[in-house]
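Biologist: I have the model open and would like to go through it with you. Can we take it piece by piece?

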Amino acid sequence: MTEHHNDDPPPSRSSLDADAVRLAYRRWAGVYDTVFGGVSGFGRRRAVEAVNRLPGTRVLEVGVGTGLALPHYNKEKLITGIDLSSDMLERARERTKRDKLANVNALLEMDAEETSFEDDSFDIAVAMFVASVVPHPRKLLRELKRVVKPGGYILFVNHFLAPAGLRGAVERGMARAARSLGWHPDFAMESLLPAEDLVRAHIQPVPPAGLFTLVSLDNI
Ligand SMILES: C[S@@+](CC[C@H](N)C(=O)[O-])C[C@H]1O[C@@H](n2cnc3c(N)ncnc32)[C@H](O)[C@@H]1O
């Protein structure tokens, strides 16, 4: 059952439930790398570079997808990847085998909003292009705070809604297609971070043109 917190913003009208996510990414799995690999590559590389610079070895990659980031971690980072979509995970497993990625410890089918990990299991959690896909981003954040040790780090890279102007209008229009797209183009940062985290988060625009943003949070 979905846990409810009074301070959570209401789910987006175009919210994707777990079945919609599985269905969308069943369709995307075969073409994902070709369609999204290029445009999102910069953001993914920035996030992995940030992870590589941080202390600690136990890394949780949330919504690992086809595993595009996996070859870029330093070898001492030990990666556990989780995803809801078995079709996407299958591609990540093929990549891990093909590229002989010995530091990928596990690739597991699991809901990132409600994992089966013990408290403090990881030093770092990173979610790339995932926060705008899950139905309850604040629940995702709470879960990552639980499974990352105090003093660890939580990173997100995502496209966040442009506050105003033409891009914002286009994104709100696209939001109506969220179920088939598999993510929310109209995703605001406040949907993920409550005010107390928003003020302390380290927020960096990522090229090209600041389309994506890297958000890092110390887990306190
Ligand atoms: C846009 S893709 C990003 C994949 C990968 N992180 C990348 O950078 O290419 C979003 C991924 O999040 C996964 N996902 C969505 N909701 C999830 C959830 N609640 N738990 C785990 N994975 C989820 C989807 O199945 C999909 O593989």
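Biologist: How many nonpolar, polar and charged residues does the shell around the ligand have?

Modeller: The shell has 15 nonpolar, 4 polar and 4 charged residues, where Ala, Val, Leu, Ile, Met, Phe, Trp, Tyr, Cys and Pro count as nonpolar, Asp, Glu, Lys and Arg as charged, and the others, Gly among them, as polar. Please keep in mind that this is a predicted model, in which local features need pLDDT of at least 70 and side-chain atom pairs count only at pLDDT 80 or more, while totals for chains, interfaces and linings use all residues. Residues are numbered from 1 along each chain as its sequence is written.

Biologist: Which residues come nearest to the ligand?

Modeller: Of the 23 residues around the ligand, the nearest are Gly63, Gly65, Ser85, Ala112 and Met128, with a residue taken as near if its C-beta atom, placed from the backbone, lies within 6 Å of the molecule. Two or more residues of the shell come from each of helix 1 (18–28), helix 2 (32–53) and strand 2 (78–83); helices (H or I, at least four residues) and strands (E, at least two) are DSSP runs, numbered from the N terminus.

Biologist: Where is Ala112, and is it buried or exposed?

Modeller: Ala112 lies in the loop between strand 3 and strand 4 (122–128), and Ala112 counts as buried because 24 other C-beta atoms lie within 10 Å. The cut-offs, with C-beta atoms placed from the backbone, are 20 or more other C-beta atoms within 10 Å for buried, 12 or fewer for exposed, and partly exposed in between.

Biologist: What does Ala112 touch?

Modeller: Leaving out residues up to four places away in sequence, Ala112 touches Val62, Gly63, Ile82, Val130, Val134, Leu140 and Glu143, where a contact means C-beta atoms, placed from the backbone, within 7 Å. The C-alpha atoms of Ala112 and Leu141 are separated by 9.3 Å, with the two residues 29 apart along the chain.

Biologist: Switching to helix 3, which of its residues are buried?

Modeller: The buried ones in helix 3 are Met88, Leu89, Arg91, Ala92 and Thr96. They lie on the same side of helix 3, because they cover an arc of only 155° around the axis, the arc being that of the directions from the helix axis to the C-beta atoms. On the other side of helix 3, Glu94, Lys97 and Arg98 are exposed.

Biologist: And what covers that buried side?

Modeller: The cover over the buried residues of helix 3 includes helix 1, strand 2 and strand 3 (104–109).

Biologist: What about phi just after helix 3?

Modeller: Just after helix 3, Lys100 takes a positive phi of about 50°, and Lys100 sits in the loop between helix 3 and strand 3. Most residues other than glycine have a negative phi. Lys100 is exposed, because it has 8 other C-beta atoms within 10 Å.

Biologist: What is phi at Phe129, and is Phe129 buried or exposed?

Modeller: Phe129 has a positive phi of about 60° although it is not a glycine, and Phe129 is found in the loop between strand 4 and helix 4 (137–147). Phe129 is buried, with 21 other C-beta atoms within 10 Å.

Biologist: Now the core: how many residues has the largest one, and which have the most contacts inside it?

Modeller: The largest nonpolar core has 52 residues, and Ala125, Val126, Val130, Leu155 and Val157 have the most contacts inside it; such a core is a set of buried Ala, Val, Leu, Ile, Met, Phe, Trp, Tyr and Cys residues joined through C-beta atoms within 7 Å. Setting aside its neighbours within four places in sequence, Val126 is in contact with Ala47, Val51, Val59, Glu61, Val62 and Leu155.

Biologist: Last one, what does the protein look like overall in helices and strands?

Modeller: The protein has 7 helices and 7 strands, and buried residues make up 41% of its 220 residues.

How values were computed
Contact = placed C-beta atoms within 7 Å.
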